[in-house]
Amino acid sequence: MFTVSGSSNSTSRFSLIRVSVMKQTTDVLIIGAGPTGLSLACQLVRYGIDFLIIDKKEGVTPYSKAIGVHARTLEIYEQIDLAKRAVEQGAVAGKGRLIVDGEVRGELDFSNIGEGMSPYPFVLMLEQSKNEQLLYAYLRSHGKEVQWETELQDFTATDSLVTARVKTPDGETHTIEAQYLAGCDGPKSLVRHTLGLGFGGSTFERMFYVADAQVDWRFSHDALHICLAKESFAVFFPLKGEKRYRIVGTFPEEFAKDDGEVLYEEIETRIKELTKLELDIHDVEWFSTYKVHTRHASGFSAGRCFLAGDSAHIHSPAGAQGMNTGIQDGYNLAWKIALVLRGISGPNLLETYNEERLENARNLLRTTDRMFQLAAGDEWWIAFIRTNVFPSVANYVLGLDMVRNFVFPLLSQIGINYRHSSLSRHAGDEDFTVKAGDRMPYFLLDGKSVYDRLREPRFHLLAFSNEQGEFEEANVEKYAGLVDFHKFQLTREVTETLGTHRSFTILLRPDNYIGFITAKGSAVAAESYLREVVGASPLLPAG
Ligand SMILES: Cc1cc2nc3c(=O)[nH]c(=O)nc-3n(C[C@H](O)[C@H](O)[C@H](O)COP(=O)(O)OP(=O)(O)OC[C@H]3O[C@@H](n4cnc5c(N)ncnc54)[C@H](O)[C@@H]3O)c2cc1C
C-alpha cells in the first residue's frame, strides 16, 4: 500500500537544504526507469504487487541506444500485449550484405532464421526509446506512474525493511520504506556500490562510435550492411523511416581521445575510410562514443536488495544483448518477489534469482566477448577469416539447420536455460529432448501458439495425452489460483518438439520455464514440487 504518513515543510526561509518528514511505504522500491526498471514494474503490475519506481531523469530516454529486440523479449512483451505494437513500430532485420573494400562479397538471409522456434523468428530493430515508451505507456494505462526527477541518495537495509532517502524535484529529501529494493540504476549503480558488491571484469582499449543518420548510397534500405575490414568493422542497421540507419563501429586502438572529446566529423571520416564506399551521411539525429566494458556484479542480491540490468552486468554490444537481458532479469525477479510478498513462498525462493541470473550473466559475457573478438579482433588469422572466408560462406553456413539451431537460440535468448537451478527438478526428464530448466518450447496447438494458453502469471500444469480419462485426477485445488491445469492432445507437433510419443506432464513456472517434465504423475508431482522446491504452502486448508 502507498501511504503518506506525515508531511511538514520544515524548510527554513534562509536554508538551502530542504528537509521533509514525508514518508512513503511500499512493497517494492525500484530505482531506475530504464528498460530494466520499467519492465520489472510492468511485471509487478501483472502480479498485483504494490511498488514505487523512481528515476532521476525527466522522462524516458529520447536516445535510440539499444536497437535489437530479440525473440525472448517479444515473447515476454506478448504476455502484456505489447509484442504486436512493438513489431508494428519496428523493422524486421531480413537480410544482410557483407561488404569488404567497398564491394559486396556475400549476402545473408535471416528473415526467418528462427522459423519454428518462436512466434517471433527474427531480430526486430526497435530503438530503446520506443521500447521504454511502450513499457511506460503500459504502466500508465494500469494507473501507475514513475516518480521522475527523483534521485536515490542513500539507503539502509535490515532483516525486515529497506529505508531509502530520495531527493524529489522540489529539492526535498523524502524517506521511502519498502519490503524490497531493486537497483535497476544502470552501470554506475549506487545500489551496487552501497551493497559493497564487486563489479569485476575488463575494459576494451578501443573506442566505439554510434550514430543515427540518413545515408545516401547505392544500396536498398531493406538490409543490414556489415562492412568488414582487417582491423575492425562498421555495421549499418536499417531503422524505420526513409534512408535511416544506426551506424556502429570502432576506432583503431591508437585513437587516443576520451569519450566526449570526439567530434562527429571524426566518426564520419572513420566510417568512410573503413567502408571504402561512396556515401553521403546526413541528418544526423544522434551520435555518441563509448568504451566497452565487460563486467558483472559479484552477486545479484544481498538480503532484501537486488540488482538487475546494467547495474549487474555490462558487456560489448555484439549480439545486442544488454537491454534484452535487463528485461529478462526483471521477468525472473518479479514472480519470485510476488510469491514471497503474498506469503505463498518463503524467502529462500529469492535466492534463486541470484543463482539463475548470475550464471546467465557469466555465460553472456563469455558469448559477447567471443562475438566481439570475431567482429573486431586484430590477430592476423581472425582478420583473414573476417574479410576473406566469412563473407563468401556465411549464407551457406547460416542456411544449415545445425547452425540455425545453434545461432538463433543463442542470439535471441530463447536458449537461455536454468538447468542448474535448484528450481529445476530433473527426475523424469531423461526421456525428453527438453529438460527441467528449459524455456517452454514453442509449437502450435490447433494452429495457435502454445503460449496463447500460458499468459496468466501462474504456474501451469500441462498434461499431454490421447487417452480418455488419463490425468483427469489432476486437480491441484489446494493450490487454486496458483496453478492452472491444462490438458492437451499428444499431436505430431508436440511429440516432435518434446521428443516422446508417451503421455507426459510438465509443470511450468510463472515465467514459463520448466520446473519438471515427467512421464508419470500430475497433481501429486506438482504438489510435491510446489511444496519442496518452491517452498509454497497450499492456499486452501487440505480437505
Ligand atoms: C550506443 C548503445 C547501443 C546499444 N545497443 C544495444 C542493442 O542493440 N541491444 C541491447 O540489448 N542493448 C544495447 N545497448 C545496451 C542498453 O542500452 C543497456 O543495456 C540498457 O540501457 C540497460 O538498461 P537498464 O535499465 O538496466 O539501465 P539504464 O538504461 O542505464 O537505466 C538506468 C536508469 O537509472 C536511473 N538512475 C541511475 N541512478 C539513479 C539514482 N541514484 N536515482 C534514481 N535514478 C537513477 C538513470 O537515470 C537511468 O534512467 C546499447 C547501449 C548503448 C549505449
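Two residues are taken to be in contact if their C-beta atoms, placed from the backbone, lie within 7 Å. Helices (H or I, at least four residues) and strands (E, at least two) are DSSP runs, numbered from the N terminus. The structure is a predicted model, in which local features need a pLDDT of at least 70, side-chain atom pairs count only at pLDDT 80 or more, and totals for chains, interfaces and linings use all residues. Residues are numbered from 1 along each chain as its sequence is written.

The predictor's confidence in each residue is expressed as pLDDT, on a scale from 0 to 100. The protein averages a pLDDT of 87, and 87% of the residues score at least 70. Over residues 1–17, however, the pLDDT is below 50, and this stretch has 20 contacts in the model beyond near neighbours in sequence. Where pLDDT is low, the predicted coordinates should not be read in detail.

The protein contains 12 helices and 25 strands. Of its 543 residues, 44% count as buried; a residue is buried if 20 or more other C-beta atoms lie within 10 Å of its own, exposed if 12 or fewer, and partly exposed in between, with C-beta atoms placed from the backbone. Among contacts between residues at least 6 apart in sequence, 70% join residues at least 24 apart.

Gly535, which follows H12, has a positive phi near 75°.

Strand pairing was examined next; two strands pair if DSSP finds at least two bridges between them. Strands S4, S8 and S5 form an open sheet of 3 strands in the order S4-S8-S5, with antiparallel pairing. Strand S4 (68–69) and strand S5 (91–92) stand at the edges with a single partner strand each, so one side of each is left without a neighbour in the sheet. Between S5 and strand S8 (residues 124–125), which run antiparallel, there are 2 bridges. Val92 has Leu124 in S8 as its bridge partner.

With strand S12 (residues 199–216), S16 pairs in the antiparallel sense over 14 bridges, and Val215 stands opposite Ile281 in S16. Strand S19 (residues 313–314) is joined to S16 by 2 bridges, and these strands also run antiparallel. In this pairing, His296 stands opposite His313 in S19.

H7 gives the most, with 4 residues. In total, 34 residues surround the ligand, the closest being Gly32, Gly34, Gly186, Gly309 and Gly322; a residue is near a molecule or strand if its C-beta atom, placed from the backbone, lies within 6 Å of it. The shell divides into 14 nonpolar, 13 polar and 7 charged residues. In this classification, Ala, Val, Leu, Ile, Met, Phe, Trp, Tyr, Cys and Pro count as nonpolar, Asp, Glu, Lys and Arg as charged, and the others, Gly among them, as polar.

Several individual residues were also considered. Val248 is found in strand S15 (residues 244–250) and counts as buried, with 20 C-beta neighbours inside 10 Å. Leaving aside neighbours within four places in sequence, Val248 is in contact with Phe208, Val210, Val235 and Pro317. The C-alpha atoms of Val248 and Ala211 are separated by 6.7 Å, although these residues are 37 residues apart along the chain.

Lys276 has a positive phi of about 55° although it is not a glycine. Lys276 is placed in the loop between helix H6 (264–275) and S16, and is partly exposed, with 13 other C-beta atoms within 10 Å. Asp446, likewise a residue other than glycine, has a positive phi near 50°. Asp446 lies in the loop between strand S20 (444–445) and strand S21 (448–449), and is exposed, with 10 other C-beta atoms within 10 Å.
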